[in-house]
Structures are given as C-alpha cells and as structure tokens.
Amino acid sequence: MHDVTDANTWGPGIDEAVNAISRGGLVVLPTDTVYGIGADAFDAAAVAALLAAKGRGRQMPPPVLVPDARTLDGLATEVPDAARALVEAFWPGGFTIILRAQPSLQWDLGETHGTVALRMPDHEAALALLRRTGPLAVSSANRTGQAAAREAGDAVEQLGDAVRCYLDGGTAPGGVASTIVDATGEHLRVARDGAVSLEQLREVAPVLGVGEETSEVPAG
C-alpha cells in the first residue's frame with residue numbers, strides 16, 4: 001500500500017505501480033469516480049488476470065483509461081463529431097465513450113466485438129501513473145456483484161493478494177461510476193447512467209437515454 005495523496009511524496013508509490021504494470025501485475029488506483037483495478041491494456045495475460053480477480057468473464061471487457069484526449073485517435077477509429085464534442089466537454093471526468101477500436105491494435109480485452117470503451121479520469125495520481133504506463137485496462141476495484149470501492153482498504157478486502165500494488169489516494173471523491181455512451185451505432189446512446197447526467201450530455205450533443213427511441217432525441 002502506497003500513499004499517493006500528496007504529489008510531493010507519491011514518487012515511490014507511482015514507481016512501484018509502474019514496475020508492477022510492466023511485469024504484468026495488477027494495480028489498484030484512485031480515480032475521480034471510484035477506485036479502479038488496472039492492468040497493461042496490451043498484455044493479454046494481465047487483462048485476463050484482472051477479469052479473474054474481479055470474478056468476471058471475457059464477455060464483460062474492461063474499459064481503457066488514457067492520460068490525454070489526444071490518445072483517442074490512436075486507439076479508436078470512425079469517431080463521430082458528436083462523440084468528439086462529448087469528449088472535449090467531459091474529459092477529464094466521469095465520462096466513458098465506446099468507439100470502434102483501431103483494427104491494427106495488438107490487444108485482447110475480451111469479447112469487445114471490435115469496440116473499446118475509453119475514459120480520461122480527472123485525478124492527478126491516476127493521470128501521473130497513466131502518463132508513464134500508457135493506456136491501462138481498468139475496471140472498478142471490487143469483486144463482481146459487490147459494492148465499488150471508495151477507499152483503498154475496501155479494495156484490499158475484496159481483491160487481496162491478486163493485486164500487486166495498491167495506491168491509496170484517500171476517499172474517492174465521486175463515489176459514482178462514470179456515465180458510458182455508446183457511439184458505435186447510428187445514434188449516440190447511454191449504455192450506463194453515471195456521473196454525467198443525460199441532461200448534461202444533451203447540452204453538448206443529441207444522445208439517447210437508456211431504453212429511449214430515436215424519436216425522443218432532442219434536435220439539439
């Protein structure tokens with residue numbers, strides 16, 4: 001467990017997390033929503049270990065956290081203008097966008113059907129780690145079906161020795177998972193309600209809510 005509440009002293013903890021990721025290990029890190037469990041997105045064995053630690057199958061692939069919005073075009077293709085507008089408005093923050101993955105990428109996140117869910121967290125310790133590791137496959141730091149961890153200790157209780165390094169950033173400020181918008185279809189659609197409300201999304205772009213039909217989308 002490493003304290004990363006202070007940028008002036010978090011160096012050793014970030015170093016240890018980078019080392020763990022480079023060796024195929026799992027890391028628990030604080031974010032602006034809830035704590036996450038992360039692995040090198042390009043290490044298939046590490047991603048499989050992440051899913052196993054959560055008790056989750058390949059049919060529920062993890063999102064990918066990125067350090068910068070400029071990473072978007074390196075990981076995704078066919079990005080709609082409306083999706084770019086949402087990214088510009090809500091990154092960094094509690095907003096995840098599902099896009100078509102670049103077909104040339106050598107990764108295996110699970111049964112993604114050629115898509116990838118991307119998010120840039122609004123948390124300095126998380127971003128400090130991501131700037132050194134590059135994109136990380138990150139899911140909430142809890143066993144599937146259990147409450148998401150808002151404290152590093154909550155994650156330890158659920159994940160234990162499956163994780164090589166824990167970064168303790170104090171209480172996660174958001175406590176609510178990110179909103180997920182699917183931008184791979186004809187219309188942008190909320191796949192999971194979360195930190196960013198549908199009303200906030202619609203101030204930027206026309207987005208379908210969960211279960212809504214196309215006739216219900218505001219003109220913008």
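Which residues of helix 5 (residues 124-133) are buried? They are Ala125, Ala126, Leu127, Ala128, Leu129 and Leu130. Buried means under 20% relative accessible area, exposed means over 50%, and partly exposed is in between, with a 1.4 Å probe and protein chains only. Helices (H or I, at least four residues) and strands (E, at least two) are DSSP runs, numbered from the N terminus.

This is a predicted model, in which local features need pLDDT of at least 70 and side-chain atom pairs count only at pLDDT 80 or more, while totals for chains, interfaces and linings use all residues. Residues are numbered from 1 along each chain as its sequence is written, and side-chain values use heavy atoms, with hydrogens and water left out.

The buried residues of helix 5 pack against helix 1 (11-22), strand 2 (27-29), strand 4 (64-65), strand 8 (136-140) and strand 9 (165-168). Leu129 is part of helix 5 and counts as buried, at 1% relative accessibility. Apart from residues up to four places away in sequence, Leu129 touches Ile14, Ala17, Val18, Val27, Leu29, Leu136 and Leu167; a contact means heavy atoms within 4.5 Å. Gly11 is 118 residues from Leu129 along the chain, and the C-alpha atoms of the two are separated by 9.9 Å. After helix 5 comes Gly134, with a positive phi near 80°.

Helix 4 (residues 81-90) has Ala83, Leu86, Val87 and Phe90 as buried residues. Seen down the axis of helix 4, these fall within an arc of 100°, so they line one face of the helix. The arc is that of the directions from the helix axis to the C-beta atoms. On the face turned away from the buried side, helix 4 carries the exposed residues Asp81 and Glu88. The cover over the buried residues of helix 4 includes strand 6 (95-101), strand 10 (179-182) and helix 7 (198-202).

The loops on either side of helix 4 can be taken next. The loop between strand 5 (76-77) and helix 4 holds Pro80, and Glu78 is found in that loop too. Glu78 has a positive phi, near 55°, in a residue other than glycine, and at 65% relative accessibility it counts as exposed. Pro80 is partly exposed, with a relative accessible area of 24%. Leaving aside neighbours within four places in sequence, Pro80 is in contact with Leu99 and Ala183. Pro80 and Ala183 are 103 residues apart in sequence, yet 7.3 Å apart in space, C-alpha to C-alpha. In the loop between helix 4 and strand 6 lies Pro92, joined to Trp91 by a cis peptide bond with omega about -10°.

Now the chain as a whole. Its secondary structure comes to 7 helices and 11 strands. Buried residues make up 47% of its 220 residues. Of the contacts with a separation of 6 or more, 61% are between residues 24 or more positions apart. The radius of gyration, taken over C-alpha atoms, is 17 Å, which agrees with the value near 17 Å for a compact globule of 220 residues. The globule rule is 2.2 Å times the number of residues to the power 0.38. Along the principal axes, the C-alpha atoms fill a box of roughly 50 × 35 × 30 Å.
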